[in-house]
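Please read this briefing with the sequence and the structure side by side. It goes through the contacts between the parts first and then some local details.

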Amino acid sequence: MAIHKIILASFLVYLMIQFSHGATKERLFSDLEKDALDVTAKPSRQGVLDAGIDKLSITWKLSSTAKKQANFKTIKVKLCYAPVSQVDRPWRKTENELFKDKTCPHKIITRAYNKSSQSFKYTLDRDIPTGTYFVRTYAVDAKDHEVAFGQSTNEAKTTNLFSVQAISGRHKSLDIASVCFSVFSVLALLVFFVNEKRKAKLEQSK
Amino acid sequence: MAHRNEEEGSIGTSMHGVTAKEHVFSFSDQGEDAWSSHSVQSDDPTAMFAFPVDSEHKAKVFKPLSFAKPHMRAFHLGWISFFTCFISTFAAAPLVPIIRDNLDLTKTDIGNAGVASVSGAIFSRLAMGAVCDLLGARYGTAFLLMLSAPAVFSMSFVADAGGYLSVRFMIGFCLATFVSCSYWTSVMFTGKIIGLVNGCAGGWGDMGGGVTQLLMPMVFHIIKVAGATPFTAWRIAFFIPGFLQVIMGILVLTLGQDFPDGNLSTLQKKGDVSKDKLTKVFWYALRNYRTYVLFILYGFSMGIEMTINNVISEYFFDRFQLELHTAGMIAASFGMANFFARPIGGFASDVSARFFGMRGRLWTLWILQTSGGLFCVWLGRATSLPIAILAMMLFSFGVQAACGAIFGIVPFVSRRSLGIISGLTGAGGNFGSGLTQLPFFSSSRFHTADGLSLMGITAMIFTLLVAFIHFPQWGSMFLGPTSDNRTSKEEHYYVAEWTEEEKLQGLHEGSLKFAENSRSERGKKAAPDGTSTPLENENPANV
């Protein structure tokens, strides 16, 4: 049990270190400058997009109403959940505290800030879950703190949304292996069972 | 109280005072003589065993590091099978953050699947005692392992919430290995040490719920590194518990033995041993109100433990923004505390019985389970990671030791229906797990943190039921034994389970013997007539 305690102790230390860079704890989403960037996200085709196959054409540029652009150092483009995909899923919840906010977990691309219009063709990753999404770009300063953002939808997150269908993760080879091992398991049991019954009958008849 | 020697066997002998004839899950309870007349004839039967054995050839010592045939081998095969089933049943839990994205699950879906994963065993645990009687412990275990392995493999087919729930439900049946494992150890080890043996088997088996939180994320990670995408990798990861089950099933059948003297099919056991009637045994179990109290109590110790196995990894992952394997490691510590916590609970129960008798056991249970509930409330309130981990560890110790302590009381509730009551208590654990997962963790009504605190409060409230367990001969938490001369005798309590005709046939002899030995549960005030533990006095050097 000494090993158990050592592992636990070293974990506590490790986690306390991990946890202590919480300088971003109190920074709020509502403090960020809204609509500092004009963002568009155009799906490569109509209908529900397939993860791993379909693409998004994303463009962003500085909005005419932006004020804090002097601080912009990098632009982080992220894929975000629309409210309909957050229902009954607290792990995707929108929170005001930035470090707690789980709305935009999927990173698309990070680029240095450039005044001119930027674009990127994003192929949906294979681990994107099924859901309804929009794109948001965060403008980040030199201290890696978010300063402003822009998104491809309106403030209520109801327009310009697109849907994605995840890959199933299933494979024919996996299915076949699964059936084979299952059959083996049941057969092995039956073989042992029948064998033993037979041996017992033989013994009894002796 | 007879002196106890300091071998491992002396710790946690919660069956202290029980006759060595204890068949926990068999209905056949004639007496020493009837049984030994059915063992395989040989010139010196005891000489061929690695350990000293009693007249039923059950081992009188417990040496965990040995694998000797047949006793220790049965112990290890039994608890490892149980351990493997715990791994499979809770294998999904640490991978839920991936699975929920793949299958587009909602919190309700996840919660319902968690309930389903523990519900199947409510029924399989009830039936398992009879199955072991029919097929023997080996086939009982092997059936569970090898028939639920296909369910584990079929995770590769799952495409939605419904499939996920069905598969978890079917895998969950194999938790009945708790019963087959206890059955197997009970026919292999003598009554004096069966408490320790079952405490270890139960505790080490329960550890599987902790190990799986480490194992599955690790396997998942390795498969991902080998090139699979996450949504395929988790499916492949499930092949590991599946393989473990099949391998264990084969090992049990090839290396194990049903009884000390051989296998069920080769022994001529079904000669003239009159089996007790199942309906009668069931009836006496259901008539005894303590059965229901224990059912509920175990639901709030073992039940809570299983619920935590299902929710804790996801909780740490989400609340403290940890990596998947980090959350898994913390969650694993919870289940792994079982290694010592459960046996310690049994030991504490036995020690308190030495001084205060059954009343001591009841107080010990109440203290352990209530503190478990209290720390569960604290776990839900904790907002910093180190405090949460501390609360979780204290909580784990409390509930797991309570599990050990409950099984220090179970053997005394009934002599005739011991098997059924043990099975029912075990089923209560699963029932409690389903009961706590449904309202607290299956909807978006509560944050998981609040669910934890509410579960802790509910546990503390239901644990108050311990005060209602009253034995006329020994008392309860707040009341002493009755002063009535007739009903304050242990014999009266245990013989009341037999009808007059049965008594005329002498079927109650075993209960009489048991009653005599159970006088140790009076604590220090055990009758000074010196007959409190006749069997122990006979062999002071061997516990």
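The points below are grouped by topic. The model is predicted. Chain A and chain B touch each other, with 45 residues of chain A in contact with 56 residues of chain B. Chain B is itself divided into domain 1 (66-268) and domain 2 (276-522), and these two domains bury about 3200 Å² between them.

- The size of an interface is often given as the accessible area lost when the parts come together.
- For chain A and chain B the buried area is about 4500 Å², and 69% of it is on carbon and sulfur atoms.
- On the chain A side, Asp88(A), Trp91(A) and Leu189(A) lose the most area to chain B, and together they make up 15% of what that side buries.
- Side chains of opposite charge can pair when their charged atoms come close.
- Three salt bridges are counted between chain A and chain B.
- A salt bridge joins the side chains of Arg138(B) and Glu196(A), with a distance of 2.8 Å from N to O.
- Two helices of chain A, H1 (2-19) and H2 (172-205), each supply at least two residues of the side that touches chain B.
- H2(A) gives the most to that side, with 16 residues.
- By class, the side of chain A that touches chain B has 26 nonpolar, nine polar and 10 charged residues.

**A span taken from a record**

- An unreviewed UniProt entry places the feature "transmembrane region" at residues 176-194 of chain A.
- In the model, residues 176-194 of chain A are 100% helix and 0% strand, and the end C-alpha atoms of the span lie 27 Å apart.

**The two domains of chain B**

- The centres of domain 1 and domain 2 of chain B, taken over C-alpha atoms, are separated by 22 Å.
- In chain B, 39 residues of domain 1 are in contact with 40 residues of domain 2.
- Of the area buried between these two domains, 65% is on carbon and sulfur atoms.
- Lys107(B), Arg125(B) and Gln213(B) supply 18% of the area that domain 1 of chain B buries against domain 2, more than any other three residues.
- The count between the two domains of chain B is three salt bridges.
- Arg100(B) and Asp318(B) meet through their side chains in a salt bridge, at 3.0 Å from N to O.
- Residue pairs in polar contact between the two domains of chain B number 16, with both residues at pLDDT 80 or more.
- On the side of domain 1 of chain B that touches domain 2, the elements that give two or more residues are helices H3 (96-102), H4 (107-153), H7 (194-206) and H8 (208-225) of chain B.
- H4(B) gives the most to that side, with 13 residues.
- That side of domain 1 of chain B divides into 23 nonpolar, 11 polar and five charged residues.

**Salt bridges in the whole structure**

- Over all chains, a search of the whole structure finds 25 salt bridges.
- Within chain A, the side chains of Lys76(A) and Asp144(A) meet in a salt bridge of 3.2 Å, N to O.
- This pair links distant parts of the chain, 68 residues apart.
- Lys76(A) is in strand S4 (residues 74-81) of chain A, whereas Asp144(A) is in the loop between strand S7 (131-140) and strand S8 (146-151) of chain A.

**Local backbone details**

- The peptide bond that joins Lys69(B) and Pro70(B) is cis, with omega about -20°.
- Pro70(B) lies in the loop between helix H1 (32-36) and helix H2 (71-89) of chain B.
- Asp88(A) is not a glycine, yet its phi is positive, at about 55°.
- The position of Asp88(A) is in the loop between S4 and strand S5 (106-112) of chain A, and Asp88(A) is also one of the residues that lose the most area to chain B.
- Lys157(A), another residue other than glycine, has a positive phi near 60°.
- Lys157(A) is found in the loop between S8 and strand S9 (162-165) of chain A.

Methods:
Residues numbered from 1 in each chain as written. Chains lettered and ligands numbered in written order. Predicted model: local features only at pLDDT ≥ 70, side-chain atom pairs only at ≥ 80, totals over all residues. Heavy atoms only, no water. Contact = heavy atoms within 4.5 Å. Buried area = accessible area lost by both parts, 1.4 Å probe. Salt bridge = Lys/Arg side-chain N within 4 Å of Asp/Glu carboxyl O. Helix = DSSP H or I, 4+ residues; strand = E, 2+ residues; numbered from the N terminus. Nonpolar A, V, L, I, M, F, W, Y, C, P; charged D, E, K, R; others polar. UniProt positions renumbered as here; feature names shortened; annotations may be inferred. Domains from an automatic or database assignment. Polar contact = N/O pair within 3.5 Å; in protein donor to acceptor, adjacent residues only side chain to side chain.
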